[in-house]
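Have the structure open and work through them one at a time.

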Amino acid sequence: MSGDVVAKDSAQGPSRSSDQPAAPLSRYESQKRRDWNTFGQYLKNQRPPVAISQCNCNHVLDFLRYLDQFGKTKVHVHGCVFFGQPDPPAPCTCPVRQAWGSLDALIGRLRAAYEEHGGSQENNPFGNGAIRVFLREVKDCQAKARGIPYKKKKKKKIQIKPNVNDEANSSSKQQPALLSSN
């Protein structure tokens with residue numbers, strides 16, 4: 001896979017000159033690069049090490065579970081007295097986990113990075129259905145633990161209100177009809 005990256009860089013040759021510094025990466029691009037490098041390091045640290053080309057959705061799921069140890073979101077367990085309370089009044093010993101939104105955004109960035117590094121969309125382990133199921137379960141679990149259910153936001157219906165001028169015009173049109181009937 002790293003050979004693919006080198007081939008892509010050299011194919012861009014004339015458009016990049018060594019005289020001009022590279023434009024700074026956007027926040028999203030920086031996060032995507034950092035996430036991709038972190039995932040690659042995670043795979044290298046596996047016993048035996050796993051090549052990115054051999055990666056599957058099980059490796060991705062293991063990576064997401066591994067990240068929980070660095071999370072900051074308190075997720076109350078069923079036996080906790082604060083289970084289902086949005087704002088618990090006191091601390092408890094429940095574990096901290098990665099927030100669902102953070103994991104969802106991470107998967108989106110890794111999915112894009114995988115394809116940018118030469119992976120095919122059809123074989124993208126980050127787009128696997130098992131990942132979507134895992135994320136949905138995390139979202140539901142965290143929502144229940146906080147007592148705040150996630151519900152899809154319904155699109156607001158736009159009500160078209162007549163302009164004040166339109167109302168004045170319509171009422172003035174009606175007045176002559178009323179006057180003529182008198």
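**Exercise 1.** Find the residues that Phe-39 is in contact with, leaving aside its neighbours within four places in sequence.

*Solution.* Keep in mind that this is a predicted model. Start at Phe-39 and skip the neighbours within four places; what's left is Ile-52, Cys-55, His-59, Val-60, Phe-63, Leu-110 and Phe-126. Next, check burial: the cut-off is under 20% relative accessible area. Phe-39 comes in at 0%, so it counts as buried.

**Exercise 2.** Work out which elements give two or more residues to the largest nonpolar core.

*Solution.* First, the core itself: it has 25 residues, and Phe-39, Val-60 and Phe-126 have the most contacts inside it. Now sort by element, and you get helix 2 (27-44), helix 3 (57-67), helix 4 (100-116) and helix 5 (129-146). Helix 4 gives the largest share, 7 residues.

**Exercise 3.** Classify the ring pairs that Phe-126 makes with Phe-39 and with Tyr-114.

*Solution.* The count comes to 9 aromatic pairs. Take Phe-39 and Phe-126: ring centres are 5.1 Å apart and the planes sit at 70°, so call it edge-to-face. Phe-39 lies in helix 2 and Phe-126 in the loop between helix 4 and helix 5, so this pair ties together parts 87 residues apart in sequence. Now Tyr-114 and Phe-126: with centres 6.1 Å apart and planes at 65°, this pair is edge-to-face too. Tyr-114 is in helix 4, 12 residues from Phe-126, and both are buried. Finally, zoom out: one aromatic cluster takes in Trp-36, Phe-39, Tyr-42, Phe-63, Tyr-66, Phe-70, Tyr-114 and Phe-126.

How values were computed: Residues numbered from 1 in each chain as written. Predicted model: local features only at pLDDT ≥ 70, side-chain atom pairs only at ≥ 80, totals over all residues. Heavy atoms only, no water. Core = buried A, V, L, I, M, F, W, Y, C linked by side-chain atoms within 4.5 Å. Buried < 20%, exposed > 50% of the residue type's maximum accessible area, 1.4 Å probe, protein only. Helix = DSSP H or I, 4+ residues; strand = E, 2+ residues; numbered from the N terminus. Contact = heavy atoms within 4.5 Å. Phe/Tyr/Trp six-rings, centres within 6.5 Å; stacked < 30°, edge-to-face > 60°.
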